[in-house]
Amino acid sequence: DVWLEGVTTIYRHVAKVSITCEPHARILLADQGGPAPKAAIRSAKDVHQMMRNQSMVYKVIMQSESDIVSKVRTGGLRAEEYYGPGIDGHPPYLTRTERRRFIRSYYQLWGLLKLDNLQQRQSRLHSVSLKQLLYLCEMSWLPNGMGPGEDVDSQSGGAIYQQRV
């Protein structure tokens, strides 16, 4: 079977254009027990997991656009001051740059939550910029879990996620 024999080559050629924020998706895959981020993808199982992760991210984006983004207001200021001439308000979807930032932050936060070791989490947090820390903080308040089989701890306002048993 061509797919099984050529998984590494196929992935290398397709992933960069098919998986948004692929470097961050690879870090999450490693946090989930997959190969190291710089190592070659060698199994269809890893590709499948990458696609499942991406699918989850896009489901959360759709939910966020429906529940949050579509309700964004400009706080009494004219929308044109934020979005440019002729724009009546924020579009009911994430813009191209917002979408990339959302995806990157979601992968990063999901990966952080997969780490059991506190030192690994701290090291990861120390490696990101202050700007990215702000995005991670904002992401932590989403009202949904971070991935399949994970729930929000409702007492924490969305900041702490727990793995289902």
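## Helix packing and selected residues

The crossing of helix 3 and helix 4 is right-handed, meaning that the near helix is turned clockwise from the far one by less than a right angle. Helices here are DSSP runs (H or I, at least four residues), numbered from the N terminus.

This is a predicted model, in which local features need pLDDT of at least 70, side-chain atom pairs count only at pLDDT 80 or more, and totals for chains, interfaces and linings use all residues. Residues are numbered from 1 along each chain as its sequence is written, and side-chain values use heavy atoms, with hydrogens and water left out.

Helix 3 spans residues 22-31 and helix 4 spans residues 44-67. They pack at an angle of about 115°, with axes 10 Å apart. Helix 3 is therefore roughly perpendicular to helix 4 (65 to 115 degrees). Axes are lines fitted to C-alpha atoms over the stretch in contact, and angles run from 0 to 180 degrees between N-to-C directions.

Contact means heavy atoms within 4.5 Å. Glu-22, Ala-25, Arg-26, Leu-28 and Leu-29 of helix 3 meet Asp-46, Gln-49, Met-50 and Asn-53 of helix 4.

Ser-64 also lies in helix 4. Beyond its neighbours within four places in sequence, Ser-64 touches Val-69, Phe-102 and Leu-142.

Buried means under 20% relative accessible area, exposed over 50%, and partly exposed in between (1.4 Å probe, protein chains only).

| Residue | Relative accessibility | Class |
|---|---|---|
| Cys-21 | 5% | buried |
| Ser-64 | 5% | buried |
| Cys-137 | 43% | partly exposed |

The whole structure has zero disulfides (pairs of cysteine sulfur atoms within 2.5 Å).

Conventions:
Helix = DSSP H or I, 4+ residues; strand = E, 2+ residues; numbered from the N terminus. Parallel < 35°, antiparallel > 145°, perpendicular 65-115°, else oblique.
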